[in-house]
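Q: Can we go through this one together? I have a few questions about the packing.

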Amino acid sequence: MKMLRSIGLALLVAGGLVSTAWANSDEEQILTLEQQWVDASAKGDSAFIRHLLDDAFVNINVQGVIRDKSTVLSARPLPAGASQTLSGLIVRLHGDMAVVTGTNTVHMDISASPVAVVFTDVYSKHNGQWHAISSQETIRP
């Protein structure tokens with residue numbers, strides 16, 4: 001039964017068809033948010049990202065640039081034809097904090113080589129909802 005639930009979760013997350021309200025564990029909620037964040041970034045869905053990111057959010061991107069929430073929100077979406085695929089996600093829960101590590105494989109277009117971006121995202125739970133408070137990305141050599 002647990003395997004069926006995991007398969008169902010994977011299909012729903014991959015399809016981007018769900019919010020976290022249905023998820024019955026903090027780990028499932030975080031995994032869903034990770035996929036929704038990637039999808040929202042690709043589409044330029046600033047409303048979702050604004051809600052997800054804590055007001056004190058800090059990101060260190062692959063160039064080593066420190067960005068705050070407003071800078072992240074002003075970023076352009078991926079170009080048409082680009083894609084992102086998450087893999088190897090590991091969620092570690094620490095009370096009302098969660099740390100996620102994984103790889104985001106980015107294809108800027110079909111002719112370009114994929115770029116593997118390893119990342120760490122940190123979440124905090126406030127009033128029953130998870131919000132990203134920090135993120136760091138590094139390009140895997």
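What follows is a short exchange on a lysine, the nonpolar core and a valine.

Q: What kind of model is this, before anything else?
A: This is a predicted model.

Q: Okay. Where is Lys69 found?
A: Lys69 is part of helix H4, which covers residues 69-73.

Q: Is Lys69 buried or exposed, and why?
A: Lys69 counts as buried because its relative accessibility is 11%, and the cut-off for buried is under 20%.

Q: What lies 2.9 Å from a polar atom of the Lys69 side chain?
A: The backbone oxygen of Arg50 is at that distance. Leaving aside neighbours within four places in sequence, Lys69 is in contact with Arg50, Leu53, Asp54, Asp55 and Phe57.

Q: Switching to the largest nonpolar core: how many residues, and which have the most contacts inside it?
A: That core has 19 residues, and Trp37, Leu52, Leu53 and Tyr123 have the most contacts inside it. Elements that each supply at least two of its residues include helix H2 (26-43), helix H3 (46-52) and strand S5 (115-126). H2 gives the most, with 5 residues.

Q: What does Trp37 touch, not counting residues up to four places away in sequence?
A: Among them are Phe48, Ile49, Leu52, Leu53, Phe57 and Tyr123, along with Asp121, Ala132 and Ser135.

Q: And Val122, which strand is it in?
A: Val122 lies in strand S5. With a relative accessibility of 19%, Val122 counts as buried.

Q: How far apart are the C-alpha atoms of Val122 and Val99?
A: They are separated by 4.6 Å, with the two residues 23 apart along the chain. Not counting residues up to four places away in sequence, Val122 touches Met97, Ala98, His131, Ala132, Ile133 and Ser134.

Terms used
Residues numbered from 1 in each chain as written. Predicted model: local features only at pLDDT ≥ 70, side-chain atom pairs only at ≥ 80, totals over all residues. Heavy atoms only, no water. Helix = DSSP H or I, 4+ residues; strand = E, 2+ residues; numbered from the N terminus. Buried < 20%, exposed > 50% of the residue type's maximum accessible area, 1.4 Å probe, protein only. Polar contact = N/O pair within 3.5 Å; in protein donor to acceptor, adjacent residues only side chain to side chain. Contact = heavy atoms within 4.5 Å. Core = buried A, V, L, I, M, F, W, Y, C linked by side-chain atoms within 4.5 Å.
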